[in-house]
Amino acid sequence: MKRKYIEEKLFNLLMIAATLVVFGFFASIIWTIARTGFPELTWEMVSRLPGGGFYLGKEGGILNAIAGSLMIVLSSAFLGLIISIPIVFYMNVYLKKKSHLAYLTRLSFDVLFGIPSIVYGAFAFTLMIFFGLKTSLLGGIIVITLLIIPIFVRSMDEVAKSVPKDLLEAAYSLGTTRWEVCKVVLRQIAPGIATATLLSVGRAIGDAAGVLFTAGFTDNIPTNLNEPAATLPLSVFFQLSSPIPEVRERAYAAALLLTLIVLALSIAGRITTNRFSKHKIK
């Protein structure tokens, strides 16, 4: 009895220690970024385009990177949802639970989920060369959409599989069609859609490898899909590589802004999830 008590206390201490280590790393990262970047994070920086000599430490801002990131991420999230939701419905409503096609589909998305973003970037770059496209906003949207579709599908699929079987049987017993059952499932997986969107946008907005090959970089805000687009991660990368201290400090400011955007998305996702959870039957 005493041995079990000691083991329990020991593992409790190990879990607390592991939690403190993770929190310590997190706090260290935030502190490093905030300490260096906060003094440089001014309204001028977030509201102006890069001026002449911006990458030499002179005037200008990163509005081009902010606008480019939002254009790519929001467009990709919209396309990802449109493509992913029908796949989830087909696997969970139209196919049998032990269907080989559903199993292979889930396995494929599991593999795609773990592929590094630079591989998606290389694949999208190959497609762009084949179709004669150049680095552009469209290229960035394509690669980020490919990147986040597996996140959408697997996240929503796990929630859809947890929908009570009795609920579906009750719907079918009332004479509903499969399309009408999809509406029932949609209400049940709404929190999962919000969570999947949060995970996808959080990964997409911080990706640098994929858009490096496909979106390019520009000091202007793109006005059409065929123009290059800057992103915050690439802005951080290029500025942090500079030998000029003022430029590197701006890189930390851009990193801090990126962190704040992800934090805002996380809070919005939590609120959205809690709001939709009241419709879910447990």
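Buried means under 20% relative accessible area, exposed means over 50%, and partly exposed lies in between. The model shown in these views is predicted.

**View 1. E158 pairs with R154 in a salt bridge.** The closest N and O atoms of E158 and R154 are 3.0 Å apart. The two residues are four apart in helix α6, so about one helical turn separates them. E158 has a relative accessible area of 40% and is therefore partly exposed. R154, at 13% relative accessibility, counts as buried.

**View 2. E158 also forms a salt bridge with K161.** Here the closest N and O atoms are 3.3 Å apart. E158 and K161 lie three residues apart in helix α6, about one turn of the helix. K161 counts as partly exposed because its relative accessibility is 37%. Through shared partners, salt bridges join R106, D110, R154, D157, E158 and K161 into one network.

**View 3. A salt bridge links D157 and R106.** The N to O distance is 2.6 Å. D157 belongs to helix α6 (residues 137–161) and R106 to helix α4 (residues 100–114), so the pair ties together parts that are 51 residues apart in sequence. Both D157 and R106 are buried.

**View 4. Helices α3 and α9 cross at roughly 140°.** The axes of α3 (residues 63–94) and α9 (residues 190–205) come within 10 Å. This angle makes α3 oblique to α9. The crossing is right-handed.

**View 5. I118, V119, F125, I129, L212, F213, F237 and F238 make a nonpolar surface patch of about 700 Å².** Elements giving two or more residues to the patch are α5 (117–130), α10 (209–214) and α11 (232–240). Helix α5 gives the most, with four residues. F125 lies in helix α5, and F125 counts as partly exposed because its relative accessibility is 34%.

Definitions and conventions. Residues numbered from 1 in each chain as written. Predicted model: local features only at pLDDT ≥ 70, side-chain atom pairs only at ≥ 80, totals over all residues. Heavy atoms only, no water. Patch = residues over 30% accessible without salt bridge, like charges linked within 9 Å, V, L, I, M, F, W, Y side chains within 5 Å. Areas by Shrake-Rupley, 256 points an atom, 1.4 Å probe, with all protein chains shown as cover. Salt bridge = Lys/Arg side-chain N within 4 Å of Asp/Glu carboxyl O. Buried < 20%, exposed > 50% of the residue type's maximum accessible area, 1.4 Å probe, protein only. Axes fitted to C-alpha atoms, helices over the stretch in contact; angles between N-to-C directions. Parallel < 35°, antiparallel > 145°, perpendicular 65-115°, else oblique. Left-handed = near helix turned anticlockwise from the far one by under 90°.
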